[in-house]
Amino acid sequence: MVQSAAAAGCQVRCAGCRGILNVAAGMTEFCCPNCQLPQMLPPELRGVAAKGIDPTKIQLPCARCSALLNVPHGLSKFTCPQCGVDLAVDLPKLQNYLLSSSSSSISPFHQPPPPPPPPEEINEVAVDVEREEDEGGMVGETFTDYRPSKISIGGPHPDAVVETSSLAAVQPPEPSYDLRLKDEIEKSKALSCLQIETIVYACQRHLHHLLNDTRAGFFMGDGAGVGKGRTIAGLIWENWHLGRHKALWISVGSDLKFDARRDLDDVGASCVEVHALNKLPYSKLESKSVGIKQGVIFSTYSSLIASSERGRSRLQQLIQWCGPEFDGLLVFDECHKAKNLIPETGGQATRTGEAVLEIQDRLPQARVVYCSATGASEPRNMGYMVRLGLWGAGTCFPHFQAFLGALEKRGIGALELVAMDMKARGMYVCRTLSFQGAEFEVIEALLEAKMTDIYQKAAEFWAELRVELLTATAYLSDDKPNPSQIWRLYWASHQRFFRHMCMSAKVPAAVRLAKQALAEGKCVVIGLQSTGEARTEEAVTKYGLELDDFVSGPRELLIKLVEENYPLPTKPESFTGEESVRELQRKRHSASPGVSFKGRVRKIAKWKVASDESGSDSPIESDHGSSESDEEFQICDICVMEEEKKKLLRCSCCGKLFHPNCFVPPLLDVVPENWSCVSCKEETDEYVQARQAYLAELHKRYEAAIERKSTILEIVRSMDLPNNPLDDIIDQLGGPDNVAEMTGRRGMLVRASTGKGVVYQTRNTKEIAMEMVNMHEKQLFMDGKKLVAIISEAGSAGVSLQADRRAINQKRRVHLTLELPWSADRAIQQLGRTHRSNQACAPEYRLLITNLGGERRFASIVAKRLETLGALTQGDRRAGPSLSAFNYDSNFGKRALSMLYKAIMEQTELPVVPPGCLREKPEAVREFLTQAKAALVSVGIIRDSVLVNGKDNGRITGRIVDSDMHDVGRFLNRLLGLPPDIQNRLFEFFTSILDLLIQDARKEGQLDSGIVDIKANVIEMQGSPKTVHVDPTSGASTVLLTFTVDRGITWEAASDLLECNKKDGVGHQNDGFYESKREWMGRRHYLLAFECNRSSPRMFKVFRPASGEALREMPFPELQSKYRLLSSLEKACKGWNEEYEASSKQCMHGPKCKVGRLCSVGKRLQEVNILGGLILPLWGTIEEALSKQVRQSHTRLRVVRLETTEDNRRVVGLLIPNAAVHSVLEDLSWDADEDS
């Protein structure tokens, strides 16, 4: 008999909110006091034996643990109660399973179950609405006008400054620092209110210490052109007044020392000296010879890792000057240069990152300021920001790797929380100049017919070169370079070559846009990364200062690759008969030298010493006694008779001695010195012949390899390849007299005065030093003497090229990005050259991208960085210029690539129809797969390929290594080396699969969309916020806020929307009110649908009575299959109003919903709980609480933003599902009495 657990009372977990409940003795049915969910004790706790199989349900085995589960009819998704895995019902497989189960034998312990009841109808509309709600809300405005909320000192900033709406919703802590410069600044007005705010919060932050006893640091993330330099100068001046007369200012370029001097003068700190470290000796800075006792040491990151010939480092020099008790400012300006301290797998930390970390460790009391608009372009690059206190002792992340892992696991939403958290704790500010008026446009530069032909031939040549190298490496000997090294050089050159080609393909479009801008009265700035200087200098060194035409970078790159890395076999040594005989003689003598008769005598004598028959006690004496005869007499090797040595012939090969008469016939003539006996002569002839044949074959192979190499070089030199883009653009836009060049190269090729050929000349002149060339060129541009400027990263760091009101040239800048930088950091820095403070007009940005699929690789890198850059440094992934359409290197991109490879290798079915093919024409699909395989073989993705004969004639087999299966970067790199047609088809195939995956993830609510906006007609706060945590260092708090949200749209409002749409002339015949074709629980659902003008295929914007505007647009076929257009407005009005009223209290599942009142699917009036304020310290606790939720979408960290309709209060924080509120508060140990 089973004893009843209910008889003595017990504790159980609620099936709804998952809270722990105490069930009184004898009670078997009860209602949860927290979530009001009716439930009962399980059979084993009620004293009833469990039945095991419920005959009213379907019995299905778990895919992981094989436990037999009772699954209700109609339930498509559920979680295994035993192992916790998420499961889904596949209906076709279920039918087969049930058929196979019914044919098997029935257990003798159970009667066959009765026929199952009809499956429960699934409310398709409820499913659609649930997916839309899981995906998130609408995208709202990204930026908000900025003004300090808690500091009123100082005047407004000279230009409009904005902050992302996400960060604007977070309030910084109360300012408590008393600014020493307050009166001086208010009089001089040298600093704006937002610059003063930064100084106050930085100084306030520096008063705190982390738990490891180091002083807390501050992160200044203001965008380019806001005025970070003057803010740093204000910080130095404030600390100077407090007696801290030493400061370190580390930046990217030595030229910026003059900007530092200007900024200090502007804030009134003229007495503070600025010393450039690169101009100082390596001796002690405070010594009499140097004499620097105080002031600002201005260093570059390059100087930070420099050292003298004697081994004294600049880093040690700075630490010695500061002293162990140094508590002055340590400013890392443009601190993104210290990234890659924590490299990706297989990489190495940069010396710069290690030096930045070391100087912070050696100066624990320094007041550290990290300053950069791109300081945290991705979480990994924050590794050097140890003074922020985001990880380490006292945090929920014991070390940086744990912090990094949590951010990468939780996606963009988690990154956005970090930025907001830093602001809430008073360690971070991030404002940017308003981009209002600036224009962004991505322009597709189509390849011209000639360029397409050049590209096609180049791709074919690289494929042939790869086969040639494969053949040539087979003849390499062991002492030659490793073939893997050759292939690394090959693929690196391959990527650079086609990057050059892509850039050259955009030159005609760039020149056309530049001339158009000049004709419209504007000026032009062209941004690129590589100048081609190395190839130009190599060509000038090789061919001279005067050339027929500009140097072709791709051609010179190919020539260098072939000349220096083409694998040649070892060059054979020269061979003659006499040399071979002497060599053989030398080897024989060294291997088996002749033994003289004297030696034999000695060995015999020594042997006789050991014999008992010997009567001599001194064998050495007898040896000495016969020494003369040993030298004079030797033995003939034929007759073994002793003879005088001078009468015997000695073989020059084997060294043996012979009587001339012992030979047949006897040797009567005089023999030469290098005489050889008969046996040696025969062996020598055979050796010589074999050696000659072997060396002849080596010569033949070597000469053939030399000839092949020469042929390849001739082909390369004859190829029609484009010129260096930089020289080409300058030449087409009027030459150096009209174009200001700000790059890092020392010389350039210019058109000769005669018009024939080009001449190499240095960029500097007698009047202008090389280090001042870029500053001179910049001034010519700003004065309007040159209206086109070309900039590279190396030559434009810190340069301001905006339409400055103080400059003569105030024409609008048209910024053309000819070559995308390798990282978003560089992209943002480059864009910031033409968008800065005090400008007369905002610039126009034109991003040039060819129609080659492979070139999107570079856009992909930048897009990924820009998304995370906006999330980390500005609290909103949408803050940067939008390149998200080019972000292929994501988790979805990796999955899409794996599916593409498996489909091409015919390991799985095609997920989508390949471009240019139809499902009805399988022969076209097969042809595409064959071409795709051949293409992937030609670029080394498919390895060990074999062309099959027989019944599978023409089929290509091979393998793709595991490391390549998810490497999107390598795929897009190699894609560049394919002819344009197959390149674009493969890329389109890849993007089609990617779109399918993203669409499926959106439907399933698994798409990480970062911060989403909750939009509603009415948003009101309920009660007072509940404080659940207070940070002991900053005083920042974590609060739980509860809101009532009315998402519905009334009939009157919906009718107005329809009328306005018709009046605007954008209406379509299918616009109007629709009702569902099916009924659920006796009623139908209604919606309003408008056709989107821009969409193809046809898509409709949908509005529902209960939830308002839907985020997802509905395809026309889906709308037709599920709904019918209503012609009667009266019927539509009645149905609309009924659903509007019913949704105020009930979800779309009806009164029998399994979740009960906590379900919000399709509910018009909702309760929304948001955890706002400080989140990072509670990260682990919140994750643990959410992980207990039953519904999968409730286990995700979701960052939301809303604005109350009554007082326009903005709130950003974590969305806490209603069912999880109790669990979260319980895990946070919140005390209601304490909070009140």
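Q: How are helices α13 and α14 oriented to each other, roughly parallel or roughly antiparallel?
A: In this predicted model, local features need pLDDT of at least 70 and side-chain atom pairs count only at pLDDT 80 or more, while totals for chains, interfaces and linings use all residues. Residues are numbered from 1 along each chain as its sequence is written, and side-chain values use heavy atoms, with hydrogens and water left out. The axes of α13 (residues 449–473) and α14 (residues 483–505) come within 12 Å and cross at roughly 175°, on lines fitted to C-alpha atoms over the stretch in contact, with angles from 0 to 180 degrees between N-to-C directions. Angles over 145 degrees count as roughly antiparallel, under 35 as roughly parallel, 65 to 115 as roughly perpendicular and the rest as oblique, and the two helices are therefore roughly antiparallel.

Q: How many nonpolar residues does the contact of α13 with α14 hold?
A: Contact means heavy atoms within 4.5 Å; residues that meet include Trp-462 and Leu-465 in α13, and Trp-487 and Phe-497 in α14. Ala, Val, Leu, Ile, Met, Phe, Trp, Tyr, Cys and Pro count as nonpolar, Asp, Glu, Lys and Arg as charged, and the others, Gly among them, as polar. Beside 3 polar and 1 charged, the nonpolar residues number 18.

Q: Is Gln-802 buried or exposed?
A: Gln-802 lies in the loop between α25 (793–796) and β30 (813–817); helices (H or I, at least four residues) and strands (E, at least two) are DSSP runs, numbered from the N terminus. Apart from neighbours within four places in sequence, its contacts include Met-782, Arg-813 and His-835. Buried means under 20% relative accessible area, exposed over 50% and partly exposed in between, with a 1.4 Å probe and protein chains only. Because its relative accessible area is 3%, Gln-802 is buried.

Q: Which residue in β28 is the bridge partner of Glu-546?
A: Two strands pair if DSSP finds at least two bridges between them. Strand β21 (residues 546–547) runs antiparallel to β28 (residues 758–762), joined by 2 bridges. The partner of Glu-546 in β28 is Val-759.

Q: Which residue takes a positive phi in the hairpin of β27 and β28?
A: Strand β27 (residues 747–751) is antiparallel to β28, with 5 bridges, and Met-748 stands opposite Gln-761. The hairpin has 6 residues between the strands, and the one with a positive phi near 90° is Gly-755.

Q: Which are the edge strands of the open sheet of 6 strands?
A: The order is β34-β44-β45-β43-β36-β35, with mixed pairing. Within this sheet, β43 (residues 1165–1173) and β45 (residues 1210–1216) pair in the antiparallel sense over 4 bridges. The strands that pair on one side only are β34 (1012–1013) and β35 (1018–1030).
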